[in-house]
Amino acid sequence: MTMTPPAPVGLLAELTHRCPLGCPYCSNPLALEGREGELATGEWKRVFSEAAALGVLQVHLSGGEPLSRRDLTEIVRHCASLGLYTNLITSGIGMNASLVKALAEAGLDHVQLSIQDADAASADKIAGYAGAFAKKQEVAALVTAEGFPLTVNAVIHRANAARAGAMLDLAVALGARRVEIAHVQYYGWAVANRGQLMPDRAAAAAAVAEVEQKKRELAGIIVVDHVIPDYHARLPKACMGGWGRRTLNITPTGKGLPCHAAETLKHLTFWNVRDASLSDIWYQSPGFNAYRGTAWMNETCRSCERRDIDHGGCRCQALALAGDAAATDPVCHKSPDHARLADILAAETQTEPAPYHYRRVAARGSA
Ligand code: SF4
Ligand code: SF4
C-alpha cells in the first residue's frame, strides 16, 4: 500500500559528532565523523530554510555536542528568523554566561541538558570527563537565570539505576520544568557497552517503580517523561512515532535519516542534503519510504490491532536482534525472537561489568 506521509513536524540536526564527553550509551554511530566532513554554516542554513518550507515546526540542535560548533549562534538566529522553535540539546560542556546571553539574543527557545547521575563521582566516571557534574550545575543556573525553559535528560543503566529517583530530585534542584528519564536504548555505542550498561531484571524493575512513584510525588512540580527498558517489556514502543511519519534526522555530513540509528540498516540508501532537497528526501527517497504504511509488515504485525499504534516497533532493533529489519520487533511478545531478549539479559547481567568503551571521536571507526 502506498501512502503519502504528512509533512514532518520536527527535525533533529546532528550538527557535529564532536563531543568532550564519552558517554558509553551515546546513540551516535561507532564510526564518528570528524570536523572535516561536517556541513558548512551555509549548508545548514539551507537545510533549515527547506525544513521551514516543508512544514517543520521544531528543530532540535544536537550532536555530539552542538556547542562544539562556533557558528551555533548564527544557526540559531537563522532558525529563529524562519519562525522555527529551536531546542538546544547539550551536555553543557562549553557553555558560559556570554554564550547563554548570545543564544538568548539569537532567539533560542529551549535548552535540554543531559545529566549522567545524581552522584558526582559516578556522573563524571560515566561521562568520562572530570568535573562534568559540577559544570552542569553551573550551566543549569545560567540557563534558568536567563529565563530559558529547561528540560533535563537522564539515562538509566547499571551504574545509576539505584539513583533513578535521585536523578529526578536533581532535575528539580536544577530548575528543570521537565525531565526525560529513559532506560538505555541499545543502539550505537550502547551496543558496544551492553554488558556494562544493562541492569539485571530486579534493578531495572526497582528503577521503573521508583521513577513512577516519584512521578506521582512530583506532579505539578516537574513533568516526568519516562521511557521503560525495552528488554523488560512485552510490547514495543512506537519508535520515532513510526518510520518517516513525524520527524527526520540530518547527520553531521548531511545524510537524511528517519531515526538516529537508521544507518545500521545497511541495505537502505539514505540521500544527502548535498545532493537532494529535504522535500525529496522526505517524500521520494527509498530509505524513508521503506517502512511507511503496512505493506512491508509480516502477517503478525499486519493483522494486529496495534499496527497503527506502534507501527511494528523499531526496525533497527528488529535487524539487530532478529536479523531482519522487516521482522516484528523482538520486544513484542508475539515475536518468535522475543525469548532471545531474556537470554541476552541473563548473559549480559550475570558477570561483573568490564570497563566502559568510551565514545570518542578520536576512536573513529572502532569501539
Ligand atoms: S550522549 Fe554523551 S557522548 Fe554522546 S553526544 Fe551526548 S553528551 Fe556527548
Ligand atoms: S505484533 Fe507487531 S503491531 Fe502487534 S504489538 Fe507486536 S510489534 Fe506491534
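I count a residue as buried if 20 or more other C-beta atoms lie within 10 Å of its own. The model I am reading is predicted.

**Entry: methionine 240.** I looked up methionine 240 against that cut-off. Methionine 240 has 24 C-beta neighbours inside 10 Å, so I count it as buried. I find methionine 240 in the loop between strand S7 (223-227) and strand S8 (247-250). Its phi is positive, about 60 degrees, although methionine 240 is not a glycine. I note that most residues other than glycine have a negative phi.

**Entry: histidine 311.** Is histidine 311 buried or exposed? Histidine 311 is buried, because 25 other C-beta atoms lie within 10 Å. I place histidine 311 in the loop between helix H13 (307-310) and helix H14 (315-322). Phi of histidine 311 is also positive, near 55 degrees.

**Entry: helix H2.** I went through residues 72-81 and noted Leu72, Ile75, Val76, His78 and Cys79 as buried. They cover an arc of only 160 degrees around the axis, so they sit on the same side of H2. What do the buried residues of H2 pack against? I find helix H1 (41-54), strand S2 (58-62), strand S3 (85-90) and helix H3 (97-106). Glycine 83 follows H2, and its phi is positive, near 80 degrees.

Entry: I looked at the loop between S2 and H2, where glycine 64 is found. The peptide bond from glycine 63 to glycine 64 is cis, with omega near 10 degrees. Most peptide bonds are trans. Gly63 and Gly64 are among the residues surrounding ligand 1, as are Cys19, Glu65 and Arg359. I sorted the shell around ligand 1 into 4 nonpolar, 6 polar and 2 charged residues.

Terms used
Residues numbered from 1 in each chain as written. Chains lettered and ligands numbered in written order. Predicted model: local features only at pLDDT ≥ 70, side-chain atom pairs only at ≥ 80, totals over all residues. Near = placed C-beta within 6 Å. Nonpolar A, V, L, I, M, F, W, Y, C, P; charged D, E, K, R; others polar. Buried ≥ 20, exposed ≤ 12 C-beta atoms within 10 Å, placed from the backbone. Helix = DSSP H or I, 4+ residues; strand = E, 2+ residues; numbered from the N terminus. Arc of directions from axis to C-beta. Contact = placed C-beta atoms within 7 Å.
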